[in-house]
Amino acid sequence: MENPLPLLDDNHFELVHILIKMAVSLKSSGSFCSTPPQWLHSTRDRILYGYSHSNAKECTCKKTKRPAPLCVKATSTKVELDFNDPSWKQKFQEDWDKRFNLPRITDIYDLKPRPTTFSLKKNRSPAGDENGTPMDKWNGYVNSDDRALLKVIKYSSPNSAGAECIDPDCSWVEQWVHRAGPRKEIYYEPEEVKAAIVTCGGLCPGLNDVIRQIVFTLETYGVKNIVGIPFGYRGFFEKGLKEMPLSRHLVENINLAGGSFLGVSRGGAKTSEIVDSIQARRIDMLFVLGGNGTHAGANAIHEECRKRKLKVSVVAVPKTIDNDILLMDKTFGFDTAVEEAQRAINSAYIEARSAYHGIGLVKLMGRSSGFIAMHASLSSGQVDVCLIPEVPFTLDGEYGVLRHLEHLLKTKGFCVVCVAEAAGQELLQKSGATDASGNVILSDIGVHMQQKIKMHFKDIGVPADVKYIDPTYMVRACRANASDAILCTVLGQNAVHGAFAGFSGITSCICNTHYVYLPITEVITAPKRVNPNSRMWHRCLTSTGQPDFH
Ligand SMILES: Nc1ncnc2c1ncn2[C@@H]1O[C@H](COP(=O)(O)OP(=O)(O)OP(=O)(O)O)[C@@H](O)[C@H]1O
Ligand SMILES: O=P(O)(O)OC[C@H]1O[C@](O)(CO)[C@@H](O)[C@@H]1O
Ligand SMILES: [Mg+2]
């Protein structure tokens, strides 16, 4: 839903028709390699939406042979709607409910729930307090039918800024998702549970806060056997890596430092070996903290457990400074990364402001999206040019960035540029290299721009003092700030409530300011990217005052 296509006139219908056919043929060939359209529409009022995907198997598009951001294999969920059909909304909603229904262990097991052991009323047992008042008089539980609305804006036109529409009229359609939190009934005997926690991918502020809250909440339920898997998925099969027993006492202070108490790693996604290990270790609940790749891995583990009919709940918590996971307001660590990034921008500003014809250049992380660069530019208010991968730009020529920098030096005497690491990749030579997880290693746009700026001003005979700052790992190796610490606390606690409620293959996240569970399959179809038609990007442009660079 990030980048809805504009309404098309009849002249473009043929094009849309071809696009839809391509989508269908790609789908039927079982492989989707570019960011899939959530929907396409035309003046003939047809819609295709709701592609659901299983895990990435390969990272090159079979059809185009081009590398894909997150190469995925399409599965069978697809609905074609005819907007002339008066019941299209109902059909949409039925399909929506199916897609967002949470997978649970009772789908494969015939299990009876038991009353929860989670109670914040210390003097009462779940069966009732000493006076016989039953716990169900305590309104502290979430009803399994509770829902939160994923979207709350009613756009009256598809041309409204940032509009996310389903039909050509942009009709209001309710999109409900499942509310997170403790249930009155649970599907595990806490005393018998073995729970494991694993942190994968790159570092991210808040990992320790989430680990800590998961341990606290498990203990509140009465779980005694809690372990940490060291160094990501690798810890499941790498010989010599031993699981770490965890307790409230052990993790009490880990949130005071950045990093991961358990260690992280990339690569080594061997689902069957991981599930062999889960089986051998008799793990009942697995909490997986990570980004897009980790979620794809968690879903593969969940599917494999189902195939083997194992009673295991796999619950993910979305971690990434990049904020590039679909549907959710933000991932934990993002806020802190933005705050740190802002410090780098501030230093660049001070350097540039104090130099004669100073140009401060800051490169910020973000593997496939420009959220950190956009938000840090907005929060600092000191950036004159913000460049993100979602908005193409040119450096040279009349409308290029360099000409604008000339103008800024002339008019205000200095300037600050913030560039996202994935921006302008088309201007650079690609190495084709990938990291251990199969992620493309990006070419260095920061160094390239630094050289281009220096050369340009030398060529035109204008002095320019370029100061380049690449804060790299500094933005993610720090401890969580206050807002992330709260997010981590809630997401960690909810992850445990979700596992006890018997869900598996879900992620614990925040949508539209409410805490919810989403099926992992719905959040891994593609990386989330900045919508250049969103109000946020427009606000960033208002703040920087930059023109279009093409
Ligand atoms: N499609 C996939 N299926 C199964 N496992 C995967 C998949 N993609 C990645 N993984 C595994 O998930 C782990 C983390 O992946 P990755 O390195 O891409 O980090 P991430 O979770 O996306 O986080 P970050 O935001 O730091 O990049 C790795 O061990 C990787 O092998
Ligand atoms: O930790 P590594 O392998 O250097 O990866 C760096 C990447 O990880 C992230 O920090 C998180 O995905 C990206 O912003 C960055 O591109
Ligand atoms: Mg990733």
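First, the ground rules. The model is predicted, so local features need pLDDT of at least 70 and side-chain atom pairs count only at pLDDT 80 or more, while totals for chains, interfaces and linings use all residues. Residues are numbered from 1 along each chain as its sequence is written, chains are lettered from A and ligands numbered from 1 in the order in which they are written, and side-chain values use heavy atoms, with hydrogens and water left out.

Let me start with ligand 1. How many residues surround ligand 1? There are 20, and the closest are Gly202, Arg266, Gly267, Thr294 and Ser437. A residue is near a molecule if one of its heavy atoms lies within 4 Å of it. By class, that shell holds four nonpolar, 13 polar and three charged residues. On that scheme Ala, Val, Leu, Ile, Met, Phe, Trp, Tyr, Cys and Pro are nonpolar, Asp, Glu, Lys and Arg are charged, and the others, Gly among them, are polar. Helix 7, residues 292–307, supplies the largest share of the shell, five residues. Helices here are DSSP runs of H or I with at least four residues, strands are runs of E with at least two, and both are numbered from the N terminus.

Now the polar contacts of ligand 1. A polar contact is a pair of N or O atoms within 3.5 Å; within protein, one must be able to donate a hydrogen and the other to accept it, and residues adjacent in sequence count only if both atoms are side-chain atoms. The side chain of serine 437 places a polar atom 2.6 Å from an oxygen atom of ligand 1. Arginine 266 uses an N or O atom of its side chain, at 2.8 Å from an oxygen atom of ligand 1. Taken alone, ligand 1 exposes 620 Å², and the protein buries 90% of that. Accessible areas come from the Shrake-Rupley method with a 1.4 Å probe, and for residues only the protein chains shown count as cover.

On to ligand 2. Which residues are around ligand 2? They are Arg266, Ile321, Asp322, Met365, Gly366, Arg367, Glu421, Tyr473 and Arg476. A side-chain N or O atom of tyrosine 473 is 2.5 Å from an oxygen atom of ligand 2. Arginine 266 has a polar side-chain atom 2.9 Å from an oxygen atom of ligand 2, and glycine 366 has a backbone N or O atom 3.2 Å from one. On its own, ligand 2 has 400 Å² of accessible area, of which the protein covers 81%. Its shell divides into three nonpolar residues, one polar and five charged.

Next, helix 11. Residues 445–459 make up this helix, 15 residues in total, and from first C-alpha to last it reaches 21 Å, close to the 21 Å expected at 1.5 Å a residue. The expected span is 1.5 Å times one less than the number of residues. Ile445, Gly446, Met449, Gln450, Ile453, His456 and Phe457 are its buried residues. Seen down the axis of helix 11, these fall within an arc of 140°, so they line one face of the helix. The arc is that of the directions from the helix axis to the C-beta atoms. Lys458 and Asp459 are exposed, on the face turned away from the buried side. Buried means under 20% relative accessible area, exposed over 50%, and partly exposed in between, with a 1.4 Å probe and protein chains only.

Now some single residues. Cysteine 170 has a phi of about 60° and sits in the loop between strand 9 (147–149) and strand 10 (176–179). Is cysteine 170 buried or exposed? Its relative accessibility is 4%, so it counts as buried. Arginine 282 has a phi of about 55° and lies in the loop between helix 6 and strand 15 (285–290). At 67% relative accessibility, arginine 282 counts as exposed.

Serine 380 belongs to helix 9, residues 371–380. It counts as buried at 17% relative accessibility, and a polar atom of its side chain lies 3.4 Å from the backbone oxygen of serine 377.

Last, two loop residues. Lysine 270 is in the loop between helix 5 (248–251) and helix 6 (271–281) and is partly exposed, at 39%. Lysine 270 and isoleucine 301 are 31 residues apart in sequence, with 9.3 Å between their C-alpha atoms. Glycine 397, in the loop between strand 18 (385–387) and helix 10 (401–411), is partly exposed at 42%. Glycine 397 and phenylalanine 549 are 152 residues apart in sequence and 9.3 Å apart in space, C-alpha to C-alpha.
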